[in-house]
Amino acid sequence: MFLGTIVNATLIIIGSLMGLGFKKGIPKGFETIILNGIALTVCVMGIDYALASTNILQVIVSIVLGSIIGEWWNIERTLDKFGNNIKKKLLTKIKFDNSTFVEGMMTATLLYCVGSMAIMGALDSGLRGEHSILFTKSFMDGITSILFANSMGIGVMFSVIPLVIYQGLITLFAATIEPFLDPMLIEQISAVGGILLIGLSLNILEIKHIKVANMLPAMLIMVIIFLL
């Protein structure tokens, strides 16, 4: 049942390790321009997802309410603590640069979890034992993880933790979830995620610091609004 997600996580880990290995020989100037290029690409992907929305009002309400809830819970501080704990306990003896650990993990997690392939692929795995969508996604994620890990560090590899939880839960409860997952709902969830990706790209480019993690509840709010 979970073969698709396991393959997905494995290829991200392999790709991340390859990217970290290549990182050692890249001059600082090249590393910066590569990171900027990736940030711009993430921004374009976010715009593409956001423009697919069929009801922008739902997206706006979801972002506003989700941001209020996320700021109240201060999700970003919790994730920062989680990331820093991992750095202290697991990464202190590793020579890889972990200065952008949380940023790398957050960016990769959103990129790998937002979009229809993650949802539909996990549903196919749970309902029919069919993993072709997740296998295709795995190959794509593995390639991008090389580039992301090369520019954003080892945090990209740890994005497999939320990825496995997210796709694993959808797979496990596929029979329960499927009747509620209208294609338009998936588009709306992707649109909210796209806006978060745009925010992440602005953070990477250091244009403005946006607490993207505090906006994560917006995706759940979108589900509730759509079903209501």
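In this predicted model, the axes of helix H5 (residues 101-113) and helix H10 (residues 183-204) come within 10 Å and cross at roughly 150°. That angle makes H5 roughly antiparallel to H10, given that angles over 145 degrees count as such. Helix H10 also packs against helix H3 (residues 56-73), with axes that again come within 10 Å but cross at roughly 55°. The points below take up these two helix pairs, then the chain as a whole, and then individual residues.

**Helix H5 against helix H10**

- The crossing of H5 and H10 has a left-handed sense.
- On the H5 side, the contact is formed by Glu 103, Met 106, Thr 107, Leu 110 and Leu 111.
- On the H10 side, the contributing residues are Leu 196, Leu 197, Leu 200, Asn 203 and Ile 204.
- Sorted by class, this contact comprises 7 nonpolar, 2 polar and 1 charged residues.

**Helix H3 against helix H10**

- With axes crossing at roughly 55°, H3 and H10 are oblique to each other.
- The crossing of H3 and H10 is right-handed, whereas that of H5 and H10 is left-handed.
- H3 supplies Gln 58, Val 59, Ser 62 and Ile 63 to the contact, and H10 supplies Gln 188, Ala 191, Val 192, Ile 195 and Leu 196.
- By class, the contact of H3 with H10 holds 6 nonpolar and 3 polar residues, and no charged residues.
- Leu 196 of H10 takes part in the contact with H5 and also in the contact with H3.

**The chain as a whole**

- The protein chain contains 11 helices and 0 strands.
- Read from the N terminus, its elements follow the order α-α-α-α-α-α-α-α-α-α-α.
- The radius of gyration is 17 Å, close to the 17 Å that the globule rule gives for 228 residues, so the chain is as compact as a globular protein of that length.
- Along the principal axes, the C-alpha atoms fill a box of roughly 50 × 40 × 30 Å.
- Of the 228 residues, 46% count as buried.
- Among contacts with a separation of 6 or more, 84% are between residues 24 or more positions apart.

- Ser 16 is located in helix H1 (residues 3-23) and is buried, with a relative accessible area of 0%.
- Leaving out residues up to four places away in sequence, Ser 16 touches Ser 145, Ala 149, Val 156 and Met 157.
- Asp 141 is located in helix H7 (residues 132-152).
- With a relative accessible area of 8%, Asp 141 is buried, because the cut-off for buried is under 20%.
- Beyond its neighbours within four places in sequence, Asp 141 is in contact with Asn 8, Ile 12 and Tyr 112.
- Asp 141 and Gly 15 are separated by 126 residues in sequence, yet their C-alpha atoms are 8.2 Å apart in space.

**The loop between H10 and H11**

- Asn 214 lies in the loop between H10 and helix H11 (217-227).
- Asn 214 counts as buried, at 2% relative accessibility.
- Not counting residues up to four places away in sequence, Asn 214 touches Gly 66, Ser 67, Gly 70, Glu 71, Asn 74, Ile 75 and Glu 76.
- Glu 206 is placed in the loop between H10 and H11 as well.
- At 70% relative accessibility, Glu 206 counts as exposed, whereas Asn 214 is buried.

**Residues with positive phi**

- Most residues other than glycine have a negative phi.
- Asn 74, although not a glycine, has a positive phi of about 55°.
- Asn 74 is found in the loop between H3 and helix H4 (75-90).
- Asn 74 counts as partly exposed, at 22% relative accessibility, and is one of the residues that Asn 214 touches.
- Glu 206 likewise is not a glycine and has a positive phi, of about 60°.

Note on methods
Residues numbered from 1 in each chain as written. Predicted model: local features only at pLDDT ≥ 70, side-chain atom pairs only at ≥ 80, totals over all residues. Heavy atoms only, no water. Axes fitted to C-alpha atoms, helices over the stretch in contact; angles between N-to-C directions. Helix = DSSP H or I, 4+ residues; strand = E, 2+ residues; numbered from the N terminus. Parallel < 35°, antiparallel > 145°, perpendicular 65-115°, else oblique. Left-handed = near helix turned anticlockwise from the far one by under 90°. Contact = heavy atoms within 4.5 Å. Nonpolar A, V, L, I, M, F, W, Y, C, P; charged D, E, K, R; others polar. Buried < 20%, exposed > 50% of the residue type's maximum accessible area, 1.4 Å probe, protein only. Rg over C-alpha atoms; globule rule 2.2 N^0.38 Å.
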